Amino acid sequence: MKIIACYKWVLDEADLKVEAQSRRLLTGRAKSKISEYDRNALECGVQLIDESGGEVIALTAGTGGAKSSLKDALSRGPAEAVFVKDEIMAQSDPAVTAKVLAAAVRHIGEYDLILCGEGSSDEYSEQVGIRLAQLLGIPVVSFVNKVQVADGVLRAERKLDGGIEVVQVQLPAVVTVLPDMNTPRIPSLKQILAAAKKPVKELNLAGLGLDQAQLTAKVRRQTVLGTVMERKGIRFRGEAREVVQQVLTVLNKEGLC
Amino acid sequence: MSTEERFDAIVVGAGPAGSVAAYCLAKAGLEVLLVERGNAPGSKNMTGGRLYGHSLEKVIPGFWEEAPVERRIVNETITFLTGESAVSLDVKSKQFAQAPSFTVLRSEFDSWLAGKAEEAGAMLACGVRVDELLRQEGKVMGIRSDEDEMLADVVIAADGVNSILAQKADIRGELPAKHVATGVKEVIELPRQVIEDRFHLTEQTGAAQLFVGECTRGMQGGGFLYTNHESISLGLVITAEEFADAEERIVDLVEEFKMHPLIQPLIEGGQVVEYSAHLVPEGGLNMMPSLCHDGLLIVGDAAGLVLNTGYMVRGMDLAIASGEAAANAVIAAKAGGDFSKQGLSSYQTALENSFVLQDMKTYAKAPKFMENHRIFGNYPGLMEEMMVSLFSVNGNSAQPVRKSMLTSIKRHGGFMQLAKDAWKGMRAV
Ligand SMILES: Cc1cc2nc3c(=O)[nH]c(=O)nc-3n(C[C@H](O)[C@H](O)[C@H](O)COP(=O)(O)OP(=O)(O)OC[C@H]3O[C@@H](n4cnc5c(N)ncnc54)[C@H](O)[C@@H]3O)c2cc1C
């Protein structure tokens with residue numbers, strides 16, 4: 001089985017700061033990482049291969065900075081990485097990203113399954129996997145929590161709000177996975193060393209036959225501001241018993257108890 | 001993957017000591033693996049914040065042009081603190097530029113330095129903790145991390161003050177409290193312009209301030225404050241033993257330090273963005289394990305190569321010089337095909353002939369001298385009293401300076417005691 005696992009190189013949200021007055025995001029000191037749910041997608045692919053053989057190709061589209069992600073991605077088990085590098089990716093929207101990935105998938109050629117995270121940990125638009133399937137003309141299964149493949153047929157559990165739906169789909173297909181599907185591995189020393197020797201294919205838009213003009217993002221981000229939690233700042237004083245009483249009264253008034 | 005793979009050298013720990021060792025080895029064409037337990041080099045590391053540039057300058061000339069250093073120190077201050085007063089010695093000199101020092105923040109700086117090693121051809125593996133050394137008949141053969149074993153002709157232990165490698169190899173025991181100090185640091189963010197105004201700096205220049213006295217409640221140690229581009233690093237280093245029977249907790253002392261009338265206006269309006277604690281080896285030569293073994297060299301903090309002179313902590317420049325010296329010894333050992341203790345012994349010789357062990361010897365008496373509580377307890381008060389009487393005009397009839405000073409000295413332990421301490425101090429530092 002040949003699996004393509006897509007991932008995005010995102011800023012680590014733990015490093016983001018919000019400027020107190022303007023609420024502007026300060027990204028200057030932020031490091032990057034492989035988007036959390038995409039790690040689940042990579043892990044899912046590698047586990048399927050461990051069971052039934054074949055190989056996983058890690059695929060990412062990003063700006064030059066995403067080059068640093070390749071070793072990390074490869075140490076998680078894929079046999080090979082494909083990196084579409086272009087600065088327009090800094091401004092892409094889900095439609096553009098899906099177009100670029102679809103072109104890269106066609107370039108790769110044969111495949112049985114494409115895995116994506118349900119959404120990226122920076123924008124979480126939950127569109128790329130679905131748009132990708134649409135562009136490739138293959139089925140898509142979203143919100144997937146569990147997968148099994150046998151004889152070219154994939155059985156997936158979809159975790160929905162009200163319950164669990166089990167579906168079956170003929171491969172090739174796109175599957176978008178949820179975070180509780182698995183626990184991504186922490187690469188070991190040997191896996192990291194092996195990663196450095198695995199092949200990486202670097203592509204550009206021209207090489208994929210893509211034209212800049214088709215790749216203008218239609219959705220443009222105007223601003224990103226941090227949210228501010230408003231605190232009521234109520235202070236209670238007095239004997240423990242009284243304080244408890246006061247707290248209860250306030251909580252009651254807010255409909256919280 | 002084949003288990004046959006082996007390296008010329010494995011360096012454990014991508015702090016300044018390890019990254020420089022890996023850089024020098026890779027540059028000489030050796031196959032080097034640099035293993036770091038943090039997800040990125042520097043992510044778990046801390047330092048007060050000042051790098052004396054001389055030893056890295058030797059390895060990477062003009063490094064500060066490309067390295068993410070914060071500010072070049074042009075202003076040095078030593079301050080004696082009492083509860084509400086401060087007596088400072090403030091030095092600005094163009095001569096500092098001849099042997100420049102720089103403030104650094106470890107996560108940026110260490111990543112850059114490990115990146116240099118990688119560029120030179122070293123293999124960097126982050127997020128990997130080395131659990132122990134592989135040994136055969138006493139000779140170190142490689143390392144084990146989780147289930148993975150990796151072989152090498154020589155291992156360089158650059159794993160910091162708590163060196164598990166040295167401990168597990170029975171080269172060194174657990175660190176006794178009297179051989180380590182506890183350091184805590186806050187990074188406080190402030191706009192660049194505010195920092196430059198408050199400390200009278202220009203865009204690239206910085207200030208370093210060291211404090212003795214009330215900030216440690218007279219315990220052996222001191223405080224520091226360094227200016228970065230857009231933040232201030234501030235903290236305390238106190239001998240761990242002092243806390244054994246002290247009521248104070250170091251966290252509380254830091255809070256008090258920040259509230260001191262001298263410090264408070266300097267950090268006013270700032271936001272604490274990082275808080276960290278770390279040990280500092282300070283046993284000097286007394287705690288130093290033997291540094292050369294069959295197939296193993298120990299560098300940097302792991303080797304106890306830190307100078308705590310009471311008014312400054314120096315570790316990074318020694319770490320860097322020891323990393324370079326270890327790399328040179330490994331290169332020589334490879335040429336001679338001998339990785340035994342004997343074959344690697346040029347490391348020890350190189351350290352002895354360099355400032356590293358020479359400075360350690362010069363300051364060898366410092367730890368003992370610092371244990372004297374008068375240094376950190378009485379003398380800051382004495383300084384204050386003398387200076388205040390020098391500058392105060394209060395309408396009382398003035399005393400000759402000589403007389404007022406003598407009165408102060410008597411109150412703080414007497415002249416003989418002061419003279420003795422001064423003498424000891426001169427000999428120790
Ligand atoms: C509060 C404080 C203030 C200081 N101020 C100054 C100063 O102003 N100037 C100065 O020059 N020095 C200062 N020092 C000392 C200086 O920080 C150290 O001497 C220096 O960092 C030592 O470098 P190193 O490379 O030997 O060790 P470290 O910087 O400690 O690096 C060790 C590395 O090894 C890694 N590691 C540890 N164990 C393992 C393992 N088992 N497997 C894999 N990796 C491992 C760690 O993650 C780390 O990256 C200060 C120290 C402190 C605590």
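This is a predicted model: local features need pLDDT of at least 70, side-chain atom pairs count only at pLDDT 80 or more; totals for chains, interfaces and linings use all residues.
The contact between the two chains involves 14 residues of chain A and 25 residues of chain B. About 1500 Å² is buried between chain B and chain A, and carbon and sulfur atoms account for 60% of this area. Polar contacts are found for 5 residue pairs between chain B and chain A, with both residues of each pair at pLDDT 80 or more. On the side of chain B that touches chain A, at least two residues each come from α3 (106-119), β7 (123-126), β9 (139-145) and β10 (148-157) of chain B. The residues on this side of chain B comprise 13 nonpolar, 5 polar and 7 charged residues.

Side chains of opposite charge can pair when their charged atoms come close. Across the interface of chain B and chain A, 1 salt bridge is found. The salt bridge is formed by the side chains of Lys71(A) and Glu118(B), with an N to O distance of 3.6 Å.

The ligand is surrounded by 37 residues, of which Glu36(B), Thr47(B), Arg50(B), Arg106(B) and Asp301(B) are the closest. In the shell around the ligand, 18 residues are nonpolar, 11 are polar and 8 are charged. At least two residues of this shell are supplied by each of α1 (16-27), β2 (32-36), β15 (271-281), β19 (313-314) and α8 (316-336) of chain B. The largest share, 3 residues, comes from β15(B).

Over all chains, the count of salt bridges comes to 36. Among them is the pair of Arg185(A) and Asp50(A), whose closest N and O atoms are 4.0 Å apart. This pair links distant parts of chain A, as the two residues are 135 residues apart. Arg185(A) lies in the loop between β12 (173-177) and α5 (189-195) of chain A, whereas Asp50(A) belongs to helix α1 (residues 36-52) of chain A.

Methods. Residues are numbered from 1 along each chain as its sequence is written. Chains are lettered from A and ligands numbered from 1 in the order in which they are written. Side-chain values use heavy atoms; hydrogens and water are left out. Contact means heavy atoms within 4.5 Å. Buried area is the accessible area (1.4 Å probe) that two parts lose on being put together, summed over both. A polar contact is a pair of N or O atoms within 3.5 Å; within protein, one must be able to donate a hydrogen and the other to accept it, and residues adjacent in sequence count only if both atoms are side-chain atoms. Helices (H or I, at least four residues) and strands (E, at least two) are DSSP runs, numbered from the N terminus. Ala, Val, Leu, Ile, Met, Phe, Trp, Tyr, Cys and Pro count as nonpolar, Asp, Glu, Lys and Arg as charged, and the others, Gly among them, as polar. A residue is near a molecule or strand if one of its heavy atoms lies within 4 Å of it.
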